[in-house]
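Trainee: Could you take me through the features of this model, giving the general idea before each case?
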Amino acid sequence: AHYDVLAQVGVPLVVVNGPHDDLDATFVSTDVERAIDLSLAHLRALGHRYIGLAIGDEPTWPVNRKVEAFRARQVALGVKTPEIAYTTSSSAGGFEAAVELIRRRVTAIICGSDAMAAGAIDGAHSLGASVPGDVSVIGHDDVNWADLTAPPLTTVRQNVPHMAQSAVRALLSAGEGSRRPRRTELLVRPQLIVRGTTTAAPRTATDRTHGQSPRPGPTR
């Protein structure tokens, strides 16, 4: 509601990573659908067919859009029930989600954030699974410590400098005399950064097909 008030009085308004159909503003967002596509394409090229999504349970635009994109892409590939674990968008949440997903026998996990991915690595280790030998992990954001995890984190990089420049440019171009805001949306393409947490799917996973008995899970 407070965004609506700003828009109605003609204040130039830019929203980052949060488009809303009923709000007249400029929206600058990461192309989340492409982020999911990049992650899935990378994992499937490595032979992974049993892929889970670890995502926060917050009702935000990035969370909702990632879930929608992941579910749609998996269903299109013939996965009847996409594996999704909802938890908090934190390292602890990633730990919890990884344990849940690995027990469902996934061989790869796409995480909603790098913090979740770091927790997912620890969660895999707690079950005696190696990363990436038993389970591959992909994060999202490419924060400044992403290459310091053990192993270094494969992640989807948001182009934050470009998004920030676009947001400021949109505000400045609106000018003080702009009294009629119009809804516009700019999608910024992310980039997949491949490091050490993804590798080829375990042979026992690539040999089986949907509907067969799952492979034994990792044990300590």
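Trainee: With which side chain does the side chain of histidine 42 make a polar contact?

Mentor: A polar contact is a pair of N or O atoms within 3.5 Å, where within protein one must be able to donate a hydrogen and the other to accept it, and residues adjacent in sequence count only if both atoms are side-chain atoms. Here the partner of the histidine 42 side chain is the side chain of threonine 198, at 3.0 Å. This is a predicted model, in which local features need pLDDT of at least 70 and side-chain atom pairs count only at pLDDT 80 or more, while totals for chains, interfaces and linings use all residues. Residues are numbered from 1 along each chain as its sequence is written, and side-chain values use heavy atoms, with hydrogens and water left out.

Trainee: Is histidine 42 buried or exposed, and where is its place?

Mentor: Buried means under 20% relative accessible area, exposed over 50%, and partly exposed in between, with a 1.4 Å probe and protein chains only. Histidine 42 has 15% relative accessibility and therefore counts as buried; its place is in helix α2, residues 32-45, where helices (H or I, at least four residues) and strands (E, at least two) are DSSP runs numbered from the N terminus. Contact means heavy atoms within 4.5 Å, and, leaving aside neighbours within four places in sequence, histidine 42 is in contact with Ile138, Thr154, Leu192, Val194 and Thr198.

Trainee: Which residues does isoleucine 51 touch, not counting those up to four places away in sequence?

Mentor: Isoleucine 51, in strand β3 (residues 51-56), is buried because its relative accessibility is 2%. Leu40, Leu43, Arg44, Phe70, Gln74, Glu83, Val106, Ala108 and Ile110 are the residues that isoleucine 51 touches under that exclusion. With alanine 108 the separation is 57 residues in sequence, against 4.8 Å in space from C-alpha to C-alpha.

Trainee: How many salt bridges does the structure hold?

Mentor: Side chains of opposite charge can pair when their charged atoms come close. The criterion for a salt bridge is a side-chain nitrogen of Lys or Arg within 4 Å of a carboxyl oxygen of Asp or Glu, and the structure holds 6 of them. One of these joins the side chains of arginine 73 and aspartate 37, at 2.7 Å from N to O. That pair links distant parts of the chain, with arginine 73 in helix α3 (residues 61-76) and aspartate 37 in helix α2, 36 residues apart.

Trainee: With which aspartate does the side chain of arginine 157 meet in a salt bridge?

Mentor: The partner of arginine 157 is aspartate 142, at 2.6 Å from N to O. Arginine 157 lies in strand β7 (residues 154-157) and aspartate 142 in the loop between β6 (136-141) and β7, so the pair ties together parts that are 15 residues apart in sequence. The side chain of aspartate 142 also meets that of arginine 195 in a salt bridge, at 3.1 Å from N to O. Arginine 195 lies in the loop between β9 (191-193) and α7 (203-206), so this pair ties together parts that are 53 residues apart in sequence. Aspartate 142 is buried, with a relative accessible area of 16%, whereas arginine 157 is partly exposed at 32% and arginine 195 is partly exposed at 25%. Elsewhere, Glu83, Glu100 and Arg104 are linked in a network of salt bridges.

Trainee: Which residues of the largest nonpolar core touch the most other members?

Mentor: A nonpolar core is a set of buried Ala, Val, Leu, Ile, Met, Phe, Trp, Tyr and Cys residues joined through side-chain atoms within 4.5 Å. Among the 22 residues of the largest one, Ala54, Ile102, Ile109, Cys111 and Val137 touch the most other members. At least two residues of this core come from each of α4 (91-103), β5 (108-111) and α5 (114-126). A second, separate core of 16 residues includes Leu40, Val63, Ala108 and Ile110.

Trainee: Where are the cis peptide bonds, from valine 131 and from alanine 150?

Mentor: Most residues other than glycine have a negative phi, and most peptide bonds are trans. The bond from valine 131 to proline 132 is cis, with omega near 15 degrees, and proline 132 lies in the loop between α5 and β6. Another cis bond joins alanine 150 and proline 151, with omega about -5 degrees, and proline 151 has its place in the loop between β6 and β7. As for phi, arginine 105 has a positive value of about 80 degrees although it is not a glycine, and arginine 105 lies in the loop between α4 and β5.
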